[in-house]
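Visitor: I'm new to this one. Could you walk me through how to read it?

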Amino acid sequence: MTWFSSSNANATNGSNIIKINDNQSVANIRASDALVLGAFAPIEIAKAYVTTHGTFIELIKPWPNATQSQVPCVVLPTSGDFNTAVLALNNASKMVNDNYKAMIEWQTNMGTVQFIDLDGHPHTVKTLKQMQADITAIAPYPDAMSQAQFDALRLHRKHTYKASGFCDFGISTYPDNVVHSGLATRESEVHALYLGNNATVVIDGVQFTLSATHHSAHIKAVFEPAPNGTQTFDEIQSTYIQHTTPEVAFASETPNSKVIKTRQDVVLLVKRTHCITTSDTVYPFANLRFGGSRYLGSDVNDHKHIWSSLPPATQRAYLAEPKNNIRRLTDGRLAQDTIELMTITGFGDQWDNTETGALPWQSRYLGYGNETPQYIQADTLAFGPDHPLQSDKYNQDVGLFANAERTVFAIPVAIVQRMNRGVFHPVHNPFGCATSHATLNALTSALGTFVHIEEHSGTLESGRSGALHRYKYHDVIYADQIQDVRLNVGDSCDFDKAVHKAVSGQLRGKSRMPYTRTTQINSVSITGNDPEQLLIRDDSSTSSLFKTYGTQTFSQAHPFFICTATGKNLRVCTIGSDSTGDYFYVLASSTEGLSVGQTICYHDFSTLTAEFNIVPSIDVVTTPASLAQSFPHGIAGLLACNTTDDSVRFNQKCLSATASIINEATLSSGAPITQLTVDDISNQISTSTNALFLCCYESPAAMTKMADNFAIESHRVYVVSSSTHDVHYGNRLMTSLTNQVGLDPNRSNYAVYSMVQTMGIDANWKTSNIQGRQIDHSPIKLAPPANGYFGFKSAVSLIKKNGLFYLQFNAISLKYSSNNWGDNSLIYSVNGGTKITDTNGNEVDVVCHHSLFPIGVG
């Protein structure tokens, strides 16, 4: 029968009469047929009729919905019509019975069937299921996004966002332990780092909303246990070996293969594409590590659903949710772009290129070392020496890493510094967390610190730690162990906010704990070629700098220092050896404090490669000669350079309220470690200094590093100055830029801003250093210091390198003398660092630094 339809009908609320305004024929409408008016539910029909007043349909009950005027409607035949037809066929002739059989096959079978007409002629037609299959073959999964639509969205996002990264950091799960915007730790939980709930990322143009991961409600990254002294890694051969015991591991060490004592783990978000049709699996919210137990009303097993087992309604709901990132390929198959939060366990502390100082988003390989990178080799990733995960910056995406086949993409989230499960020892294992029944002097090697361990100590569960810093337990992830390497691509670069963070000491930084060694001067002389350099020949037989490092030339960006007997730090520029013996050059114009036969100390920032935002620090109170005798292999920390008979001023800014004191009795007989109160203003403790002891405390890491002067991206430039002792008002920035610790309690000398009056820019948009065209600012308003005599000033500008925005600091150290700061209201632009003479005749440093981490995408 023919279905009835009308494009113009009226229905009145409470009335059971429907007026058909376009007078379509109602002859085929039967009782119990269904009327569908507009978008409302079908209602059963009593009858249909025509009068002189028009065409009408009478319902079995009044119209329950709102009054409708001039809306379309259709009438659906009910099964009663088909039943009547079937009954007629069953009672008909053999020809009709044969067509009835064909009709049943047409409804239920694939392929074709034959119908016989009244004249006995056969007609071959496709079955209902076959016609549906043919339609599906042309346009399968009509609820799914097409490949063209998916590609259009990717292209739109690539135009919207300047790189792959985080569009939204999400909401911090544990706001008391936030590293930065959404990234948080829990010091009451082991091996865990949390991302912000509902964080949104875009990777190669595909957007993901992060959902429950490794957790029923939160986004959690999990980590392997800390090193225990049983693993070695060969940097040259890129070989990792798991040994049975620490004894076996340490016995197998070679010059290139060393026991892993600390390491950095990398957290990544990895995007892949998998075929739902082939694998028969689908992941809620496209999350390979989905932590929920149910999704769309169906139980989730092993993070996923079996696609073929889902009801059609659930499949359609999957396809309709954009967060599931499902699309229909051109061949009709279903594909899903998935995301996985992964933690890659490091083989050491360096996931960056130490030669260039590049960070993961800038380095060619996300790997360890310089010439032979450690490629990611996790079993779940198709990476390795033949398939490295490389930076995608050459495809104009500074935030993205991809394999050569461009089938796997990743963005870095965090680099996490790990401690170890050995015993804390200031010489052999400064990053151990466990305790030992043996005295510190009895632990004569690094191996001993991994063997003589009190059972279960150094863990959160035990509550016992030998560490003298905030990183008490090796199984806890602490906020200041984390380098946040997420790129914010969702917001424009907020230069003003970044400057405020730098001045208030809130920018994230990283520094290593220094290791101090000693050598003896055989001769010292001013070189003829350069009066600003000294040639020092040192003890070739035992501990010369050449024996430790080989031939080296140190850049300004990676300085290396020796400490003289008078406490002066001199920067080493070259190390070498010739027919006369081993030697090194330092930048100095006088041999003051250096004499033949004298023991000197040198600061090694390479031996201890662990990096922190808050650094465990040790100052050794002794003489260079005594340090050489007591610690012939060196010690973690620095020689204390500012001591009197009854006080020690720390080399770095002390953040701790107290300092832990390890004296010779503690080392030799296990006497208790004492705590001394720190004067926050003068940055010192009061105690007798007539015997060797170690001061253990915590200090802030550098937020900047020395660099060349770059072109500025905006005329907006700040000039800030300070001499304060307070890390929140310029002290941390001062130390980072000048290596001087402010001691001034005068509140009027907290971060003070000056106006830029004139500023010359050269043809390359770099600030000019030509006389009369430097940055000229209003006079600094620092008052006379109430304590100490050091300060600094710096111009702060916005620069771009490698497609990312950074802060640039053109800074000058200040020295108060002759009742003034000796400042001429000029900022000088230099590459790296140099020295100038201020208006009082004092030699001061001029430097150019960049922030360690980018503040936005360029």
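Predicted model: local features only at pLDDT ≥ 70, side-chain atom pairs only at ≥ 80, totals over all residues.

Visitor: Which other strands pair with β57, and over how many bridges?

Guide: Strand β56 (residues 790-801) pairs with β57 in the antiparallel sense over 12 bridges. Strand β60 (residues 843-851) also pairs with β57 in the antiparallel sense, over 5 bridges.

Visitor: How many residues lie between β56 and β57 in their hairpin?

Guide: There are 2 residues between them, and Asn802 in the turn has a positive phi of about 55°.

Visitor: How should I think about side chains on a strand, and how many residues of β57 are buried?

Guide: In general, side chains in a regular strand alternate between the two faces of the sheet. Here, 11 of the 12 residues of β57 (residues 804-815) are buried, so this strand is largely enclosed by the rest of the structure.

Visitor: What is the strand order in the open sheet that has 3 strands?

Guide: The order is β45-β46-β49, with antiparallel pairing. β45 (642-644) and β49 (684-686) stand at the edges with a single partner strand each, so one side of each has no neighbour in the sheet. From one strand to the next, the twist averages 10°. Between β45 and β46 (residues 647-649) there are 3 bridges, and Thr643 has Val648 in β46 as its bridge partner.

Visitor: What about loops? Is His725 buried or exposed?

Guide: His725 sits in the loop between β52 (718-722) and α13 (731-738). His725 is buried, with a relative accessible area of 9%. Beyond its neighbours within four places in sequence, His725 is in contact with residues including Lys653, Asp680, Gly742 and Tyr750.

Visitor: How many disulfides does a search of the whole structure find?

Guide: A disulfide, in general, is a covalent bond between the sulfur atoms of two cysteines. In this structure, the search finds 0 disulfides. Take Cys601, which is in no disulfide: the nearest cysteine sulfur, that of Cys563, is 6.0 Å away. Cys601 is buried, with a relative accessible area of 0%, while Cys493 counts as partly exposed at 23% relative accessibility.

Visitor: And stepping back, how many helices and strands are there in the chain?

Guide: The chain has 13 helices and 61 strands. Of its 858 residues, 52% are buried. Among the contacts with a separation of 6 or more, 65% are between residues 24 or more positions apart. The accessible surface comes to about 37,800 Å², and 50% of it belongs to carbon and sulfur atoms.

How values were computed:
Residues numbered from 1 in each chain as written. Heavy atoms only, no water. Helix = DSSP H or I, 4+ residues; strand = E, 2+ residues; numbered from the N terminus. Buried < 20%, exposed > 50% of the residue type's maximum accessible area, 1.4 Å probe, protein only. Contact = heavy atoms within 4.5 Å. Areas by Shrake-Rupley, 256 points an atom, 1.4 Å probe, with all protein chains shown as cover. Pairing = 2+ DSSP bridges. Axes fitted to C-alpha atoms, helices over the stretch in contact; angles between N-to-C directions. Disulfide = S-S within 2.5 Å.
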